[in-house]
Amino acid sequence: MAVQHTVPAESARASLFYDPKIRGIFFQLLLIAALVFFGYQIVTNTVANLERQNIASGFAFLDTTAGFGIIQSLVEYSEESSYGRGLVVGFLNTLLVAFIGILLATVLGFVIGIARLSQNWVISRISYVYIEIIRNIPLLLQIFFWYFAVLRAVPNPRDSVELPGSIFINNRGVFAPRPVFESGSGLAGIALLVAIAAVFFIRQWAHKRQEETGLQFPIFWTAVGLIVGLPLVGLIVAGFPVGVDYPALKGFNFVGGLKVTPEFMALLLALSIYTAAFIAEIVRAGILAVSHGQTEAAHALGIRNGPTLRLVIIPQAMRVIIPPLTSQYLNLTKNSSLAVAIAYPDLVSVGGTILNQTGQAIEIIGIWMVVYLSLSLLTSAFMNWYNQRMALVER
């Protein structure tokens with residue numbers, strides 16, 4: 001007869017407790033419960049504090065008249081506009097300085113990073129000094145330097161520095177002629193979209209042709225010709241319906257034309273130059289990560305230094321460069337919130353004014369968090385997609 005062994009109940013419970021899977025589920029549920037309780041306590045305490053101070057919650061205040069001006073606006077705005085409109089203006093100003101700052105920082109960072117590896121001792125040392133100085137000075141101090149020591153030190157409007165083309169520089173900003181597109185100029189916009197689409201398809205065709213035949217196609221100059229030429233042809237066909245609004249000195253300041261404020265310039269220069277120092281080191285590390293044999297192989301095929309760097313080294317280095325480059329893009333976007341120190345009307349600065357007038361601290365801070373989180377996630381998603389495109393494909 002077979003002997004049956006029975007496991008005591010205590011031993012069964014002990015075995016369940018020491019099961020890693022069961023313990024993992026238990027502690028995860030415990031953590032979720034603790035987080036839910038913590039969140040509940042925060043919400044209830046916040047609601048009680050707001051009621052005790054007679055502060056109304058909600059976003060109804062966004063429809064209230066703002067009553068304050070904004071020195072830079074990409075959309076129509078006046079003191080009679082609503083708080084919500086003011087936040088939109090601040091958001092667009094944040095996007096503007098972040099987008100242009102990323103472009104400038106990327107170009108400058110790549111140039112400095114490549115120059116850091118130059119065989120020319122002077123160029124290499126200048127790049128090294130730039131990187132070590134810029135990245136070790138706090139960003140806020142650099143913003144103050146560009147705003148107070150440089151841009152505020154230029155002459156007043158009556159003594160403006162005049163450049164060719166009716167461009168004036170003074171302590172109120174940079175004033176330049178502004179194109180005014182009249183009826184019929186939409187044809188140029190359509191031509192621009194057609195040119196961009198044509199450049200995309202030509203680029204795809206050129207890459208496929210190069211892989212099959214090894215022959216290169218001048219993509220860059222073709223793109224420049226299409227993007228500039230097609231809209232110009234569209235304007236000519238439409239009778240060139242474009243006027244020019246020139247800036248003119250009236251009273252104590254210039255009116256008309258295109259104005260670039262000192263606050264925008266100071267913030268843009270500081271963000272771009274500061275972030276470029278970090279990007280330069282990332283580019284240098286990425287290039288050094290590529291085996292020197294790749295350079296020797298390209299030279300053995302008769303490829304010069306410039307094409308070797310552009311066609312062989314940089315494409316391989318991008319697989320190392322892109323992940324940390326993403327972090328620098330995120331840092332630049334979030335660092336733009338330092339604009340409040342020089343009164344540039346970004347999202348944080350405009351939101352701070354609204355917060356002081358309405359007392360809706362929770363709502364305003366919530367908007368800040370959602371906006372910056374969304375920008376960061378969108379930037380990360382795009383860079384991750386681009387990183388996957390640049391990844392090595394196994395054959």
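Which residue of strand 3 does Phe168 stand opposite? Phe168 stands opposite Phe175. The model described here is predicted.

**The sheet**

Strand 2 and strand 3 (residues 173–176) run antiparallel and are joined by 3 bridges. They belong to an open sheet of 4 strands, in the order 1-2-3-8, with antiparallel pairing. At the edges of this sheet are strand 1 and strand 8 (258–260), each of which pairs on one side only. From one strand to the next, the twist averages 20 degrees. In general, the strands of a sheet pair through backbone hydrogen bonds, in either a parallel or an antiparallel way.

**Two loop residues with positive phi**

The phi of Ser166 is positive, near 60 degrees, although the residue is not glycine. Phe240 is another residue other than glycine with a positive phi, here near 50 degrees. Phe240 lies in the loop between helix 7 (219–237) and strand 5 (242–245). The table sets out the exposure of these two residues.

| Residue | Relative accessible area | Class |
|---|---|---|
| Ser166 | 26% | partly exposed |
| Phe240 | 45% | partly exposed |

Why does Phe240 count as partly exposed? The partly exposed class lies between under 20% for buried and over 50% for exposed, and Phe240 has a relative accessibility of 45%, so it falls in that class.

**The nonpolar cores**

The largest nonpolar core has 45 residues. Those touching the most other members are Val97, Tyr130, Leu267, Met318, Ile321, Ile342 and Tyr344. At least two residues of this core come from each of helix 3 (83–116), helix 4 (121–134), helix 5 (139–150), helix 8 (262–288), helix 10 (305–335) and helix 12 (361–390). Helix 8 gives the largest share, 15 residues. Apart from this core lies another, of 19 residues, including Tyr83, Val89, Ile354 and Ile367. In soluble globular proteins, nonpolar side chains tend to be buried together.

What does Tyr344 touch, leaving aside residues up to four places away in sequence? Its contacts are Gln72, Asn93, Val97, Glu263, Phe264, Leu267, Ala339 and Ser349. Among these, Val97 and Leu267 are also named with Tyr344 as residues that touch the most other members of the largest core.

Definitions and conventions. Residues numbered from 1 in each chain as written. Predicted model: local features only at pLDDT ≥ 70, side-chain atom pairs only at ≥ 80, totals over all residues. Heavy atoms only, no water. Core = buried A, V, L, I, M, F, W, Y, C linked by side-chain atoms within 4.5 Å. Buried < 20%, exposed > 50% of the residue type's maximum accessible area, 1.4 Å probe, protein only. Contact = heavy atoms within 4.5 Å. Pairing = 2+ DSSP bridges. Axes fitted to C-alpha atoms, helices over the stretch in contact; angles between N-to-C directions.
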